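Colleague: I would like to learn how to read the features of a model like this one. Could we take them in turn, with the general idea and then the case at hand?

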Amino acid sequence: MRFIKIALLVVVLGAILLFAGIQYLLSQPAPEGFPILEYHMVQEANPDKAYEYNVPPAEFEAQLDYLEQQGYTTISIRDYLRAKKGLQQLPDKPVILTFDDGYETNYTELLPILEKRGLKATIFMVGNDIGKENYMSWDQLKDIQHRGVEIGSHTANHLPLTSMSLAEARDEVKLSKLLMEWNGMDTIYTLSYPNGKYDKELLDMLKEEEYLAAVTGDAGLNTFETNPYLLQRINIPHPLFGLTEFKWRLLKGRIMTQLGINQH
Ligand SMILES: [Zn+2]
């Protein structure tokens, strides 16, 4: 009984300290930088299969409403790279929407929402999954790029690049890029690391293979000083607590940057 009381006290004190710490951080000026959001699929959950990463369309639209209320404007990674070179201006509060893996519902569910609202987005394709069941077909992929969605690579086979030799990792990023370009798509210049796994030597290799930027799964905000091959990204999986969870995830990005945890 006594142990339970002490344990309870520790938990309550811990929660108070955490809350006070977050309140303190939020009372400080917001750090510079803009968020890149990491989605996978906008679709209803499949009852036969627990999709951990699906965001239902109504929840996604509520998130977009919130971003709009907060004054955010969507940009592409290309816009960011051009602005960094002084070739264009960015809006006051940019945000980049990214989608990993290239699911077919990106075409059937996501694209109509983007077009209805005039939003930009970036989709990272797994080269060898294009045209497979539940993934976008070549026709859908070419059409979505033609309609203004930025397409990047998520490698050829979605294996963590740190689990293989550098030569094999080079093949993974090279083949996915060439496969899409040889099939008539515009230049592929961005990469999303499978499972968010990267290491130092991959960054030089990506540059050699003519990639201009890559996104991680490390939460945080981005500025022109951020390493372009280690862009910070805030994960948005299936929400369990609605819009409140979305706001907390955005705050997490801000707080990680404020505390300098795993920032590039
Ligand atoms: Zn993935």
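Modeller: Let us begin with the salt bridge, which is a side-chain nitrogen of Lys or Arg within 4 Å of a carboxyl oxygen of Asp or Glu. Side chains of opposite charge can pair when their charged atoms come close. Glu-245 forms such a bridge with Arg-249, their closest N and O atoms lying 2.9 Å apart. Please keep in mind that this is a predicted model, in which local features need pLDDT of at least 70 and side-chain atom pairs count only at pLDDT 80 or more, while totals for chains, interfaces and linings use all residues. Residues are numbered from 1 along each chain as its sequence is written, and side-chain values use heavy atoms, with hydrogens and water left out.

Colleague: Why are Glu-245 and Arg-249 separated by about one helical turn?

Modeller: Because they stand four residues apart in helix H8 (residues 242-259), where helices (H or I, at least four residues) and strands (E, at least two) are DSSP runs numbered from the N terminus. For accessibility, buried means under 20% relative accessible area, exposed over 50% and partly exposed in between, with a 1.4 Å probe and protein chains only. Glu-245 is buried at 12%, whereas Arg-249 is partly exposed at 24%.

Colleague: How many salt bridges does the structure hold, and which residues are linked in a network of them?

Modeller: The structure holds 15 salt bridges, and the network links Glu-61, Asp-65, Glu-68, Lys-116 and Arg-117. Within it, the side chains of Glu-61 and Lys-116 meet at 2.9 Å, N to O, and this pair links distant parts of the chain, with Glu-61 in helix H2 and Lys-116 in helix H4 (residues 105-117), 55 residues apart. Glu-61 counts as buried at 18% relative accessibility, while Lys-116 counts as exposed at 58%. Arg-117 forms a salt bridge with Glu-68, with the closest N and O atoms 4.0 Å apart; Arg-117 lies in helix H4 and Glu-68 in helix H2, so this pair ties together parts that are 49 residues apart in sequence.

Colleague: How should I read aromatic pairs, and how many does the count come to?

Modeller: Rings of Phe, Tyr and Trp (its six-membered ring) pair if their centres lie within 6.5 Å, and planes under 30 degrees apart count as stacked, over 60 as edge-to-face and the rest as tilted. By this rule the count comes to eight aromatic pairs. Tyr-66 and Phe-246 form an edge-to-face pair, 6.2 Å centre to centre with 85° between the planes; Tyr-66 lies in helix H2 and Phe-246 in helix H8, so the pair ties together parts that are 180 residues apart in sequence. Tyr-66 is buried at 15% relative accessibility, and Phe-246 is buried at 1%.

Colleague: Which protein residues are the donors of the zinc ion?

Modeller: Donors are N, O and S atoms within 2.8 Å of the metal (3.2 Å for Na, K and Ca), and water is not among the atoms, so sites may look incomplete. Here the protein donors are Asp-101 (OD), His-154 (NE2) and His-158 (NE2), lying 2.1 to 2.2 Å from the zinc ion. Asp-101 belongs to strand E5 (residues 94-101), and His-158 to the loop between strand E7 (150-153) and helix H6 (166-182), 57 residues apart. Asp-101 is buried, with a relative accessible area of 8%, whereas His-158 is partly exposed at 25%.
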